[in-house]
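Here are my notes for your first look at this chain. Keep the viewer open and follow along point by point.

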Amino acid sequence: MGIRRPAIPTAVAAALIGSLGMPAVADTASAKDGATTVREDFDGDGYQDLAVAAPGAKVGGHAWAGYITISYGSAHGLDPARTTVITQDTPGVPGASGDNQVFGYAMISRDLDGDGLTDLAVVARDYRPENNVNGSVTVLWGRKTGLSGQGAVRIGAPANAQVGDDITAGDFDGDGHTDLFMGNGEDYDYHDVLYGPLGRDGVPAREQQVQVYSTDNSINSTAAGDFNGDGIEDLATFYVYENHAEGGKLWLGTKTGLSTVPQRLTSAAGTAVADFDRDGYADLATRIFPNGDTEGTEEDPGTVKIYYGSPSGPSQTRTQTLTQNTAGVPGVNEKGDQFGGRLHTGDANGDGYPDLAVGVPGEAIGSKAKAGAVVLLKGSKDGLTGKGAQAFHQDTTRVPGTAESGDVFGGSLRLLDMTGDGKADLTAGAPGENLGSVVNGGALWLLRGATPGVTASQSVAQNPTDIGAPAAKALFGQNLSSDNGPGVVIP
């Protein structure tokens with residue numbers, strides 16, 4: 001057995017969820033056309049849907065129990081009347097709400113059983129003393145009536161396991177079924193790959209163990225995509241130890257599953273994946289650690305670096321670096337902006353080239369510190385550039401609300417076509433948003449995709465009070481489905 005990494009106590013995980021790195025998971029870039037191939041349609045009506053986490057919420061008297069909401073897409077965008085709240089106390093969901101379980105602190109939206117409907121894998125930090133298991137991954141199955149607790153199942157785990165760490169989805173053997181990579185065992189040197197389809201009993205078609213650790217470090221971020229253009233998705237894992245970035249590893253996908261001998265990659269603080277130039281290779285967008293120091297990200301202006309795909313994977317020579325000082329990019333590099341604090345990809349203007357949404361959660365809006373903003377960088381045949389880049393925040397005309405210190409708008413991100421017009425809409429969370437006297441209740445915004453790019457016209461906002469959900473310190477919008485990026489510190 002390798003080096004044993006003790007489970008993070010749930011109380012510590014809850015207290016630190018705003019600052020601990022969580023795995024970054026992006027939609028998969030198709031090697032054929034560069035468009036996203038993952039649909040997130042839980043009810044099969046043709047509109048993409050969104051799962052939102054409120055990990056800090058008190059549920060049933062339990063602090064930091066957490067809940068999730070499911071918002072269903074429509075031609076009109078977000079609709080509070082069609083938003084469902086699910087907790088661990090929802091009928092059919094295994095287990096029960098408890099202190100420090102942070103239900104939903106990571107989520108994966110993919111078709112896990114191959115029935116054509118999107119399912120939702122929800123990670124929590126509950127503890128089961130009967131077999132000494134820390135953590136759980138609960139699958140909520142897609143249905144024509146939408147997600148509920150009906151038939152929900154926990155993915156099985158052996159005794160003494162730490163479950164759900166670094167959860168990432170991809171098709172790592174190219175068979176057309178979604179596979180899950182995650183911690184799921186007693187030996188912490190290894191993570192499991194659960195190959196799909198996943199049965200309704202939570203049992204995968206087969207499993208593979210991958211030795212992801214060879215030294216006493218930890219994974220801070222992951223990414224999945226077809227980086228070498230062979231039609232099979234690959235997995236990238238990135239590492240830190242104490243306050244040092246320790247590089248990454250590329251595990252190539254093959255017809256038999258993930259390779260067990262990785263290639264070396266440079267470090268990344270957060271990731272997103274898409275084929276920005278449509279050359280047939282998925283590209284890796286990263287936020288870089290300032291000087292390799294993992295403790296410097298909160299005060300860092302922020303830098304995004306793109307590693308373009310190639311026959312050997314993410315290129316170390318064909319790269320691109322973007323900051324707020326790059327020509328065309330709105331704003332100016334300033335201490336603590338955290339440009340790249342969250343990253344996500346999608347085609348916002350419908351031109352066939354994926355774009356990159358860049359969270360700037362530490363951006364000051366006027367005198368309002370850490371109010372937060374989002375920058376949209378546009379894809380093209382030349383890749384990502386600052387040309388035509390856009391910026392949005394709560395003081396942008398037609399965006400509901402008002403920018404306030406500590407909102408951290410852009411603390412979570414998705415580019416997801418919820419209105420069904422072929423253009424990805426920008427969903428942005430502000431988990432630090434105060435709702436009147438309710439501190440850190442959190443809120444979510446939907447800005448529509450349009451031919452010129454994202455537009456604030458017809459934008460809407462949603463918060464816990466709109467849907468009758470617990471609001472006090474809920475951190476609603478701290479995490480969105482398949483947006484499990486590094487945590488943003490809430491002031």
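Predicted model: local features only at pLDDT ≥ 70, side-chain atom pairs only at ≥ 80, totals over all residues.

1. Four strands make an open sheet, in the order 14-15-16-19, and they pair in an antiparallel way. Strand 14 (218–225) and strand 19 (263–265) sit at the edges, each pairing on one side only. From one strand to the next, the twist averages 25°. As background, strands of a sheet pair through backbone hydrogen bonds, either parallel or antiparallel.

2. Now zoom in on one pairing in that sheet. Strand 16 (residues 244–251) runs antiparallel to strand 19, and three bridges join the two. Look for K249: the residue standing opposite, in strand 19, is R264.

3. The average pLDDT over the chain is 91, and 92% of the residues score at least 70. Be careful with residues 1–37, though, where the pLDDT is below 50; the model still gives this stretch 109 contacts beyond near neighbours in sequence.

4. How do the secondary structure and the overall span look? Of its 491 residues, 62% count as buried. The accessible surface comes to about 16500 Å², and 50% of that belongs to carbon and sulfur atoms.

5. Next, the inside. The largest nonpolar core has 21 residues, and L112, V137, V139, I155, I167 and L180 have the most contacts inside it. At least two residues each come from strand 4 (106–110), strand 5 (119–128), strand 6 (133–140) and strand 10 (179–182). Strand 6 supplies the largest share, three residues. In general, nonpolar side chains tend to be buried together in soluble globular proteins.

6. Which residues is L180 in contact with, leaving aside its neighbours within four places in sequence? Among them are I108, L112, I155 and I167, along with D192, V193 and L194. There is also a second, separate core of 19 residues, which includes I306, L322, A373 and V375.

7. Is V488 buried or exposed? V488 is buried, because its relative accessible area is 3% and buried means under 20%. V488 and G362 are 126 residues apart in sequence, yet their C-alpha atoms are 9.0 Å apart in space. For the whole chain, residues 24 or more positions apart account for 57% of the contacts with a separation of 6 or more.

Notes: Residues numbered from 1 in each chain as written. Heavy atoms only, no water. Pairing = 2+ DSSP bridges. Axes fitted to C-alpha atoms, helices over the stretch in contact; angles between N-to-C directions. Core = buried A, V, L, I, M, F, W, Y, C linked by side-chain atoms within 4.5 Å. Buried < 20%, exposed > 50% of the residue type's maximum accessible area, 1.4 Å probe, protein only. Contact = heavy atoms within 4.5 Å. pLDDT = per-residue confidence, 0-100. Areas by Shrake-Rupley, 256 points an atom, 1.4 Å probe, with all protein chains shown as cover.
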